[in-house]
Each structure stands twice: as C-alpha cells, then as structure tokens.
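Have the viewer open and follow along.

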Amino acid sequence: MTYCEKVTFAGGTAKLTGNLFLPERGAPPVPGVVVAGTWTSVKELMADRYAERLAERGYAALSFDFTGFGESGGEPRDVESPQLKIDDIRHAVTFLAGHPAVDGERLGALGICAAAMYMSGNAAADDRVRALALVAPWLHDPAICEEAYGGADAVRAKIAADERARAHFEATGEVEYVPVVSATDERAPMPYEIDFYLNPERGAVLAWPNRFAVMAWKEWLTLDSLAFAPRITAPNPR
C-alpha cells in the first residue's frame, strides 16, 4: 500500500513544499524520482498523479511546488522562471538523495511538458541524476518560440510587455497577471479552450490559480533548452 508524506526542504531562496509518495512503510531504501509538470502548474495539477503511479511501481517519487508556486514560499508569486525552476530541481534532488527511504545512488527525474526543459537543464549539470524521462516534452529554443508564438514581431511584442511589466513591478511591487489558459482573453499564453486545464474534473484544481506573470515572457521566450542536450549523460548506470 503506497502512502504520501508531506515534506519541506530548502530551496535557493525559499522553503519548498512537496509530496513524497512511497511504495510502503518500513521498506528498504528504493530508487527515487523527482517529478514536475507543465509550466505554471502546482503539484496537484499534474505531478502528483505521476508520482503516485511511480510509487505503485516501487519508486519513491517526489512532486513539489516550485518557488513562488502553490504551498512553497517565495515572492513574487506565480512567475515562470526557467532558471529558478532548474535550481529548485537541484535542491529537490538533494533532498531526495538524503531521505532515509531513498537509495541516493539510484535517482531519476521525470519531466512532463515544460518541465522536460527544466529536468533536462538540471540533468545536464547534475550527475546524480542517473535516469531522465520526458513525457509529452515541450522543448524549445528562440527559433521554435517564434514559430509557436506568431513570428518575430509577436515575440518582440511579448518581450516588450515583459519589460513594461517588470518595470512596473520594480516600481510598485505589483505583478501583472493574465490567464494562462482562456478561450476569451487573447492575452493568455494559451488563448483557446483546453479541457485539461479548464475542466474541474481534470486539471482545474483549486490550488492552481490559472495566472501567468507577464514579466515572465522574456526568460521563457529566450530559453534555449536544446543546448542542454549535448551535456546530458543520463541514463547513466555508472
């Protein structure tokens, strides 16, 4: 019988909160996996589901909220920062490696959708990650972003909006948000109906506020996740 343990651990700038799913109480140390889901998500939206299934298969699986998201600490809230999320994953690996229920020599990472980029970014620099799995991976560089977001002019407009929003935040402390997903608001990064995000029986959980910080556009659009690939050695059985 699997069980879930609420855990906290230190991130780079804030305390992070997660759910550690374990296959059974009192079992010998088992392989551990850090799990993360799509951009802007909280653990309850997606990562918990995968982590629980991994525990059913004999793994210790950690899902957690990134800095500024969900139950984790950190300000400002709900700002999608790829580099900060990569750093948080490194801290999650450190926590998992030191947990008594986990075999710290057998660690893996599972990234779903946008977290494929973040897990890859950490795996490229963290040789403790011996296995890397990506599900429905979103992997982009600036050229792919131009194709996905309507061309170079549209990307420049989003970066300009980012810069205005960041200047406003620095002057006032106020964060400008738009919906992540909306069929009626054209400012949304995903301006169309998506059942998973909007259906309360699927992804529209109460813990997920469906908001995107406009000042996150620049870092997102300029991330070159494809550059991680040559440095990834996982799977690495050593």
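Start at E52, which counts as partly exposed because its relative accessibility is 32%; the classes used throughout are buried for under 20% relative accessible area, exposed for over 50% and partly exposed in between, with a 1.4 Å probe and protein chains only. Its partner is R53, and the two side chains meet in a salt bridge at 3.7 Å, N to O. To qualify as a salt bridge, a side-chain nitrogen of Lys or Arg has to be within 4 Å of a carboxyl oxygen of Asp or Glu. R53 is partly exposed as well, with a relative accessible area of 43%.

Some housekeeping before going on: this is a predicted model, where local features need pLDDT of at least 70 and side-chain atom pairs count only at pLDDT 80 or more, while totals for chains, interfaces and linings use all residues. Residues are numbered from 1 along each chain as its sequence is written, and side-chain values use heavy atoms, with hydrogens and water left out.

Back to the charges. Side chains of opposite charge can pair when their charged atoms come close. The salt-bridge rule gives a count of 14. One of them joins K85 and E80, with the closest N and O atoms 2.9 Å apart, and here both K85 and E80 are buried. Another links D185 to R187 at 2.8 Å between the closest N and O atoms. In that pair D185 counts as buried at 17% relative accessibility, whereas R187 is partly exposed at 47%. There's also a network of salt bridges that links K6, K43, E44, D65 and E71.

Now for the rings. A search of the whole structure turns up 11 aromatic pairs. Rings of Phe, Tyr and Trp (its six-membered ring) pair if their centres lie within 6.5 Å, and planes under 30 degrees apart count as stacked, over 60 as edge-to-face and the rest as tilted. Take F9 and F95: their ring centres are 5.0 Å apart and their planes are at 20°, so the pair is stacked. This pair links distant parts of the chain, with F9 in strand β1 (residues 3-10) and F95 in helix α2 (residues 82-98), 86 residues apart. (Helices, H or I with at least four residues, and strands, E with at least two, are DSSP runs numbered from the N terminus.) F9 is buried at 7% relative accessible area, and F95 is buried at 19%.

The other pair to look at is Y149 with W217, whose ring centres are 5.4 Å apart with planes at 80°, so this one is edge-to-face. Y149 lies in the loop between α4 (142-148) and α5 (152-172) and W217 in helix α7 (residues 217-222), so the pair ties together parts 68 residues apart in sequence. Both Y149 and W217 are buried. W217 also has K158 over its face, at 5.3 Å from the ring centre; a charge sits over a ring if NZ of Lys or CZ of Arg is within 6 Å of the ring centre and within 35 degrees of the ring normal. R211 does likewise over the face of Y177, at 4.0 Å from the ring centre.

F9 and F95 turn up again in an aromatic cluster, together with F64, F66 and Y118.

Finally, check the backbone. The peptide bond from E75 to P76 is cis, with omega near -5°, and P76 lies in the loop between β4 (60-64) and α2. A cis peptide bond also joins A234 and P235, with omega about 5°, and P235 is in the segment after α7. T40, a residue other than glycine, has a positive phi near 70°; T40 lies in the loop between β3 (30-36) and α1 (47-56) and counts as buried at 3% relative accessibility. C113 has a positive phi too, near 55°. C113 is in the loop between β5 (102-112) and α3 (115-123), and counts as partly exposed at 23% relative accessibility.
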